[in-house]
Amino acid sequence: LSMIVAEPGVLAAVNPYYGAQFLAQHGITGYLVLGTVFLVVTGGEALYADMGHFGLRPIRLSWFFVVLPGLVLNYFGQGALLLNHPHAMQPFYQMAPSWGLYPLLILATLATIIASQAVITGVFSLTRQAIQLGQLPRMRITQTSREEFGQIYIPVMNWLLMAATIALVLGFQSSGNMAAAYGVAVSTDMVITTVLAYFVARHWGWHPVALGIFAAVLLVVDLAFFGANILKVPEGGWYALAVGAFVFFVMITWRQGRELLMTHLRKDTEPLILFLQRIYAAPPSRVPGTAVFMTESTQSTPPILLHHLKHNQVLHEQVILLTVRTARVPWVGAARRLKVKSLGQGFYRVEVRTGFKQSCNLPVALRMCERLDLKVDLDKTTFYIGSALPIPSPRVPGMTLWRERLFAFMSRNAARRTDMYDIPSERVMVMGIQVDF
């Protein structure tokens, strides 16, 4: 603030006329400067990465009343210092008195840690949502708070982030060299976010003309910064694009692999109605208790159920075909979370619906089935889980062999469903099924 008082003329920077004049006078050189100017606005996205943990209101209040005023004063102060001392090399630190240099350095380090924590928690949230939507293999997720649902910890992602950070430091060695990668990453993210926001708002029913104008204005700004930063790809921007391409490749491989695996598993099953008719015509021996078979299809018989009946020649008195659906909305209300349908002969179909931000506790869900006329004694319940083991084979079309091997590796190292759905391990029976795909 003292720097601004000493050079109040810096406040004229709020006038966009000077920016337009600078671009007009310097042409392409002025446009390329946007790639550096853009770094001034980066960092704010780290605050919004925590929106899923704290909600919209706290983030808005902290941004408009704390962060944004603080950033504006800081950059105006640096500008005022440079007007008086054009050759200053570190205006941020030179604004402080000599005795405040080391305290300011400590404060800046703590701010970096806080911003990094926001990004880490954002990665955790996005990873869980990708898992819920079937875009990534299952991972062990630890709930770190009993009050806040969004406070989670994913060990695998934490270690991967640590390795990537160390690689970044060793590879770029200075913040200046890293600036190109950071600018490309954030400017690309802004463009993608604007495009996605347009389609989401269309889905919400916004007026298409007004929404198109609003999105076009944002895209003009976003694409201007994106164009200025994309020229920095040879200087380090390639790293951000390479990481993004790798994550996309892993996700698309997992999704395609799961689709191929499900296609091959369906070949070894039969329609559920035919299975029930066969049970009615030749009833197998029934034993006391409840058996829960997890399935993704509502029309076909779970392969694990067929294998169980084939090898054990018995069925439980009560058989539940359980399907977990992840809706493409953050939250699903309690009234719409459960569906129960009696299929006769002691068979029931149960569908549990959750939002992509919600966890799924199957024992709790089964207890709630009692209000829908299905009583489940968890002490006499066994969960049968099929573990499909993909065997890469060059004879089976679908994906290249090396992508099949990558998918098989991810499948072998995916977290157990018992961890994901809070199923007691002592109540689980796992049956492996090898599949050439």
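These questions and answers cover helix packing, nonpolar cores and one serine in a predicted model. Local features need pLDDT of at least 70 and side-chain atom pairs count only at pLDDT 80 or more, while totals for chains, interfaces and linings use all residues. Residues are numbered from 1 along each chain as its sequence is written, and side-chain values use heavy atoms, with hydrogens and water left out.

Trainee: Are H7 and H8 roughly parallel or oblique to each other?

Mentor: Helices here are DSSP runs (H or I, at least four residues) and strands are runs of E (at least two), numbered from the N terminus. H7 (residues 101-132) and H8 (residues 155-172) pack at about 135°, with axes 10 Å apart; axes are lines fitted to C-alpha atoms, for helices over the stretch in contact, and angles run from 0 to 180 degrees between N-to-C directions. Angles under 35 degrees count as roughly parallel, over 145 as roughly antiparallel, 65 to 115 as roughly perpendicular and the rest as oblique. H7 and H8 are therefore oblique.

Trainee: Which residues in H8 meet H7?

Mentor: Contact means heavy atoms within 4.5 Å. From H7 come Ile120, Val123, Phe124 and Thr127, and they meet H8 at Met157, Asn158 and Leu161.

Trainee: At what angle do the axes of H12 and H13 cross?

Mentor: Helix H12 spans residues 272-281 and helix H13 residues 303-312, and their axes come within 12 Å. The pair is therefore roughly parallel. The crossing angle is roughly 20°.

Trainee: Which residues of H13 make the contact with H12?

Mentor: H12 brings Phe275, Arg278 and Ile279 to this contact. The H13 side consists of Leu305, Leu306 and Leu309.

Trainee: How many residues are in the largest nonpolar core?

Mentor: A nonpolar core is a set of buried Ala, Val, Leu, Ile, Met, Phe, Trp, Tyr and Cys residues joined through side-chain atoms within 4.5 Å. Ile320, Val350, Val352, Leu362, Leu366 and Ile423 touch the most other members. Strands S3 (285-294), S4 (314-327), S6 (347-355) and S7 (381-391) and helix H14 (362-368) each supply at least two residues. The core has 21 residues.

Trainee: Is Ser62 buried or partly exposed?

Mentor: Ser62 lies in helix H5 (residues 56-84). Buried means under 20% relative accessible area and exposed over 50%, with partly exposed in between (1.4 Å probe, protein chains only). At 21% relative accessibility, Ser62 is therefore partly exposed.

Trainee: What distance separates the C-alpha atoms of Ser62 and Leu47?

Mentor: Not counting residues up to four places away in sequence, Ser62 touches Leu47 and Val67. Ser62 and Leu47 are 15 residues apart along the chain, and their C-alpha atoms are separated by 8.8 Å.
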